[in-house]
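Biologist: I am new to this one. Please walk me through it, one question at a time.

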Amino acid sequence: MNIAPFEGVPGQQLERLAHIEFLVYFTGKVTRKDIMSRFGVSSAAATRDLSTYIDSAPDNIVYDPRQKHYVATNKFQCLLPLSAEKCLSTLTSGFGDVMDGLEDFRCAYHIVLEEPELDITATFSRAISLARPVEVEYVSTSSGFSTRVICPHSLMNNGLRWHVRAYDRKREKFSDFVLNRVVSTKLLYKDVFKKNEVLDKDVDWVEEVELVIQPHPRLPKNSQWAVEKEFGMEGGLLIKKVRKAQAGYLLNSWNVDSTIGAELKGRHVFLHLKNAKALEKMKIDSLFLAPSLD
């Protein structure tokens, strides 16, 4: 670790300074209470830690007397190196004891295959924490390069890549944005979410759907038993409740044949979506990702 900005600082205090930086980087704010509750130090010690951090990085944080906490400035830059894998793991776990009181931070995670740029991830993380829109330069497979303003409420990993779930003001709907397709970000601190841009209005994120998964009917009986055992099925079925916005991703990552008549072939297809017909009627946006004949 390069600790040049804090040279001579004792190891235990250095850990607390790193915690301050992490909180500011990913949530845009930090308080004395955050340090006290995480490390069990006194109010005076937490104050000294904040003063030490400010002395080394006077342009990174300022005190907001109205909100009674320190906030990140638009000149914020990390002083200590951070591991993308560890940061994403911490975000995913709901912060655990690292961020007491932020259990509602939304970051859904499955399997890390490709890590996004940490600065871009941190910008969206701050935007979610502070409820502020983000201006992004984005490259889409359908429309190419564009600049748009989005209002993020959650981070998630679909098994292949990291996404941010956000309201897109350009298309006037909630969508998923691949973090590795984001060219640049600008947090709009002076802007706020409108009533129709908040998480509660994202029906596909708030509402769940039940996926009824069975061994593929074309498999011989012995193979079906093996699949039942592997996936912990009861009565030959695996019932998964997932957000509507994530249903297509799960079906795709598990290679679940989502045709009504179980028509897909291939040695890699072991599962079938038994209630495909019922889900088709629900018009769930993410289902276009599910394996089918289209």
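Modeller: Two strands pair if DSSP finds at least two bridges between them. Helices (H or I, at least four residues) and strands (E, at least two) are DSSP runs, numbered from the N terminus. This is a predicted model, where local features need pLDDT of at least 70, side-chain atom pairs count only at pLDDT 80 or more, and totals for chains, interfaces and linings use all residues. Residues are numbered from 1 along each chain as its sequence is written, and side-chain values use heavy atoms, with hydrogens and water left out.

Biologist: Which residue in β6 is the bridge partner of Val134?

Modeller: Strand β5 covers residues 134-140 and runs antiparallel to β6, with seven bridges joining them. The two form a hairpin with three residues between them. The partner of Val134 in β6 is Ile150.

Biologist: How many residues of β6 are buried?

Modeller: Buried means under 20% relative accessible area, exposed over 50%, partly exposed in between (1.4 Å probe, protein chains only). Strand β6, residues 144-157, is mostly covered. Of its 14 residues, the buried ones number 11.

Biologist: How far apart are the end C-alpha atoms of helix α1?

Modeller: The expected span of a helix is 1.5 Å times one less than its number of residues. Helix α1 has 17 residues, 11-27, so it should span 24 Å. The model agrees: the end C-alpha atoms are apart by 24 Å.

Biologist: At what angle do the axes of α1 and α5 cross?

Modeller: Axes are lines fitted to C-alpha atoms, for helices over the stretch in contact, and angles run from 0 to 180 degrees between N-to-C directions. Angles under 35 degrees count as roughly parallel, over 145 as roughly antiparallel, 65 to 115 as roughly perpendicular and the rest as oblique. The axes of α1 and α5 (residues 118-130) come within 6 Å. They are therefore roughly perpendicular, crossing at roughly 75°.

Biologist: Which α1 residues meet α5?

Modeller: Contact means heavy atoms within 4.5 Å. On the α5 side, the residues include Leu118, Ala122 and Leu130. On the α1 side they are Val24, Tyr25, Phe26 and Thr27.

Biologist: And what angle do α1 and α3 make?

Modeller: Helix α3 spans residues 43-56, and its axis comes within 10 Å of that of α1. The pair is roughly perpendicular, because the axes cross at roughly 70°.

Biologist: Is Lys68 buried or exposed?

Modeller: Lys68 is found in the loop between β2 (61-64) and β3 (69-72). Its phi is positive, near 60°, though it is a residue other than glycine. Most residues other than glycine have a negative phi. With a relative accessible area of 63%, Lys68 is exposed.

Biologist: Which strands are at the edges of the open sheet?

Modeller: Four strands form that sheet, in the order β11-β10-β13-β12, with mixed pairing. β10 (residues 208-215) and β11 run antiparallel, joined by six bridges. An edge strand here pairs on one side only, and the two are β11 (238-243) and β12 (256-257).
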